[in-house]
Amino acid sequence: MNINGKHFTSIWMEEKGDVKIIDQRKLPFDWVIETLSTVEDFYQAIRQMKVRGAPLIGTTAAFGMMVATREALLTDDFAKSLKEAANYLKTSRPTAVDLFYAIDRMEAYILAQAVDNHILAKATTAALTYQKENIQNCKSIGENGLEIIQNIADEKGGEVVHILTHCNAGWLATDDYGTATAPIYLAHDRGIRVHVWVDETRPRNQGARLTAWELRQHGVPHTVIADNTGGHLMQHHLVDMVLVGSDRTTRSGDVANKIGTYLKALAAKDNGVPFYVALPSSTIDWTLDDGLAEIPIEERSPDEVTFIDGLHDQALTRVRLTPEGSLAANYAFDVTPARLVTGLITEKGVCKASKEGISRLFGDEMGEM
Ligand code: MRU
């Protein structure tokens with residue numbers, strides 16, 4: 001992704017081995033780059049949502065395991081220290097399965113190596129490979145989703161295709177390109193006329209703050225809407241498709257994504273609007289069948305509901321929204337059952353949100369995790 005003409009990924013390693021992130025809590029008002037040096041830094045970056053979005057959480061954890069290797073080499077018991085770091089990083093957030101996938105993959109690889117002078121270099125290469133795959137997966141999701149947008153554009157005789165998205169499943173939520181945004185960027189770049197309805201995504205406003213900023217950087221026409229607007233727009237034929245990301249998808253196609261996604265899927269079903277979910281296979285939990293019963297849903301601080309952050313007099317400011325003393329609840333994700341999902345757009349192609357659909361694309365991987 002280009003920011004003011006310079007290419008960025010959402011996390012990157014510099015020559016000396018320093019890992020850098022963009023503190024997404026400050027966007028779009030401040031551009032703050034932070035260095036992550038210790039396992040604790042990585043844990044806090046994920047927990048405090050300086051980095052967020054399922055695929056990016058995965059890559060951050062992969063680099064965290066690289067740093068865990070460096071820290072473990074300074075201890076008497078390499079394996080014990082590495083396992084402790086892995087278990088600790090896994091407690092940073094509960095819902096996005098990429099976190100667990102990345103940590104398990106890095107841990108298994110590192111523990112299979114001889115503990116010698118080369119192990120840190122090997123862990124570094126493994127983290128960089130993880131990131132490269134993540135980027136390639138999002139690029140492929142873009143190519144695979146493009147045809148869907150192209151078909152709608154053709155059906156509309158070249159008129160603008162209106163796409164509604166929820167939360168931020170953009171390049172900021174991944175390493176580059178995004179998941180839900182990847183086909184949108186590609187369509188825009190290929191000259192297809194697209195316009196994006198951006199759900200503000202209360203309570204943390206990832207849509208209003210991050211997706212809107214990203215789309216602006218790329219020059220994609222968009223309009224920010226309050227979360228409750230989608231149903232009305234769909235009733236009035238102002239949405240051609242819904243396109244969202246996922247934090248965890250079961251092997252039967254149930255999708256956990258940012259809270260409110262389910263309501264968009266219901267409205268889409270009622271209005272005959274196609275509802276697509278874009279996700280890399282690192283977001284599929286091969287061990288789960290029933291998303292509603294089995295996917296852990298993060299509950300966050302009620303303060304995110306009772307207060308809101310914004311820019312006031314050039315400073316990031318927090319203001320109270322609710323009466324003192326009113327209780328607030330903050331469920332961060334919900335589950336959209338597979339029956340409401342038109343299709344999954346993955347790096348391997350588009351499939352039905354069902355066990356059969358997913359296994360047609362990913363036969364060998366099913367049941368491996
Ligand atoms: O709480 P967040 O900001 O980490 O939630 C992110 C989302 O819900 C995204 O929509 C999801 O991770 C898909 S990202 C490519």
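**Notes on the backbone and the ligand site**

1. Pro 203 is found in the loop that runs between β7 (194–199) and α7 (206–218). This is a predicted model, and the points below should be read with that in mind. The peptide bond that joins Arg 202 to Pro 203 is cis, with omega at about 10 degrees.

2. The loop between β7 and α7 also holds Thr 201. Phi of Thr 201 is near 70 degrees, which is a positive value in a residue that is not glycine. For context, most residues other than glycine have a negative phi, and most peptide bonds are trans.

3. Where is the other proline to check? Pro 28 lies in the loop between β4 (19–22) and β5 (33–36). A cis peptide bond joins Leu 27 and Pro 28, and its omega is about 0 degrees.

4. Now the ligand. Its surroundings comprise 19 residues, and the closest of these are Arg 52, Arg 93, Asp 247, Asn 257 and Lys 258. By type, the shell around the ligand divides into 7 nonpolar, 8 polar and 4 charged residues.

5. Lys 258 places a polar side-chain atom 2.7 Å from an oxygen atom of the ligand. For Arg 52, an N or O atom of the side chain is 2.9 Å from a ligand oxygen. The side chain of Asn 257 likewise has an N or O atom 2.9 Å from an oxygen atom of the ligand.

6. How much of the ligand does the protein bury? Taken alone, the ligand exposes 420 Å², and the protein buries 100% of that. The ligand sits in the largest cavity.

7. Why does the ligand lie between the two domains? Domain 1 (2–133) gives residues to the shell around the ligand and domain 2 (141–366) does too, so the ligand lies between them.

Note on methods: Residues are numbered from 1 along each chain as its sequence is written. This is a predicted model: local features need pLDDT of at least 70, side-chain atom pairs count only at pLDDT 80 or more; totals for chains, interfaces and linings use all residues. Side-chain values use heavy atoms; hydrogens and water are left out. A residue is near a molecule or strand if one of its heavy atoms lies within 4 Å of it. A polar contact is a pair of N or O atoms within 3.5 Å; within protein, one must be able to donate a hydrogen and the other to accept it, and residues adjacent in sequence count only if both atoms are side-chain atoms. Accessible areas come from the Shrake-Rupley method with a 1.4 Å probe; for residues, only the protein chains shown count as cover. On a 1 Å grid over the protein atoms alone, a cavity is a set of points where a 1.4 Å probe fits but cannot get out, and a pocket is an open set with protein on both sides within 12 Å along at least five of seven lines; lining residues have an atom within 4 Å of a point. A molecule sits in a cavity or pocket if more than half of its atoms lie within 2 Å of its grid points. Ala, Val, Leu, Ile, Met, Phe, Trp, Tyr, Cys and Pro count as nonpolar, Asp, Glu, Lys and Arg as charged, and the others, Gly among them, as polar. Domain bounds come from an automatic or database domain assignment. Helices (H or I, at least four residues) and strands (E, at least two) are DSSP runs, numbered from the N terminus.
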